Amino acid sequence: MLEHYLIGTYTHHTSQGIYSVTLDTSAGRLSPTRLEIPIQKPIFMTFANNGILYTIEKLDQDHAAITSFKEEGGYFTRLSSVSAPGTTTAYLAIDEERQLLFSANYHMSTVTTYRLDGQGGMQKADQVLKVGATGPRPQQELPHVHFANLTPDRRLVICDLGMDQVNIYNLTDQGQLKLVTTHQDQPGFGDRHLTFGRDGRFMYLVGELSSKLEVLAYDQENGELSSIQTVSTIPADWTAHNGAAAIHVCHSGHFVYVSNRGENTIAVFEVQPNGRVKHIQSVATAGDFPRDFSLSHDQKFMIVANQNTNDLTLMRRDPATGHLATIQTGVPCPEPVQVLYWK
């Protein structure tokens, strides 16, 4: 069976935009990548259920955009674009039921909501500018919103790397935001990305600057978070630089995966009945700076994007044990940042 993925990239050097790669699950092999959409700095993308792709785009030094595309006849056709002053955003997510798009802008310290028209069009609905005390690390000179997506009960949750915070907002059907709760992490934690367990009771939060994984209980009644465990994503004796990056939970909810940029590993954690996690494996990515990864649709493989070595790594996954084994390395892909399941 063939599974197709899009690869978002930086375009600082040789990359020309968004690439595709095909996974043959029968053979356990990735195809050569190919350019699908010539575009500048498409570092994050998301698909709507109607097949429209929304991606980040750099316009010039002072302006960026969110641009939509639709695949037609084997080609992606540009539909619409909404631009704003400032640098590119870092994360996009969609609320299908309310037809809203969320944008987290790391450098501008903002989270923005957009109303969608179902045809690729976007209209700004609300925006929050983060202000306040920041952490002690050099990367925390300002608030830095790195993630914005839905909670299981359809609030909006954001990660602020600069302020070491997770913020939860109530969200109206029109996209208006109202702050509900704030979870304050330890100084220098560097809240980057998060995901929820299958039943929605536990949140798994990765700290980029601390290289830690935090498990939090989520109270849907009042939107409050309670920390129940914090573990390292790297060995205790690791002294070189590391920045934890992507975090994903498998479909069964039994295993959590985190990428380490520096140690260049995927750390595997087994979820215990009480929601806590146990580290069971760390696997080298056979490439430098694994920015993102994606579990295959059948959950039997993992595709890893190694940004600094300009390549992809394919790992086989055992759904029963959660363990990973590298089976293909060095698949050329320029400046890969995100791996997104396509079809």
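Arginine 155 pairs with aspartate 153 in a salt bridge, with 2.7 Å between the closest N and O atoms. By salt bridge I mean a side-chain nitrogen of Lys or Arg within 4 Å of a carboxyl oxygen of Asp or Glu. Arginine 155 is buried at 12% relative accessible area, while aspartate 153 is partly exposed at 24%. Buried is under 20% relative accessible area, exposed is over 50%, and partly exposed is in between, with a 1.4 Å probe and protein chains only.

Before I go on, this is a predicted model, where local features need pLDDT of at least 70, side-chain atom pairs count only at pLDDT 80 or more, and totals for chains, interfaces and linings use all residues. Residues are numbered from 1 along each chain as its sequence is written, and side-chain values use heavy atoms, leaving out hydrogens and water.

The whole structure has eleven salt bridges. Another of them joins arginine 154 to glutamate 97, at 3.6 Å between the closest N and O atoms. Arginine 154 sits in the loop between β13 and β14, and glutamate 97 in the loop between β9 and β10, so the pair ties together parts 57 residues apart in sequence. Strands here are DSSP runs of E, at least two residues, numbered from the N terminus. Glutamate 97 is exposed at 64%; arginine 154 is partly exposed at 26%.

What about disulfides, meaning cysteine sulfur pairs within 2.5 Å? The search finds zero. For cysteine 159, the nearest cysteine sulfur is that of cysteine 250, 20 Å away. Cysteine 159 is buried at 0% relative accessibility, and cysteine 250 is buried at 3%.

Note on methods: A disulfide is a pair of cysteine sulfur atoms within 2.5 Å. Helices (H or I, at least four residues) and strands (E, at least two) are DSSP runs, numbered from the N terminus.
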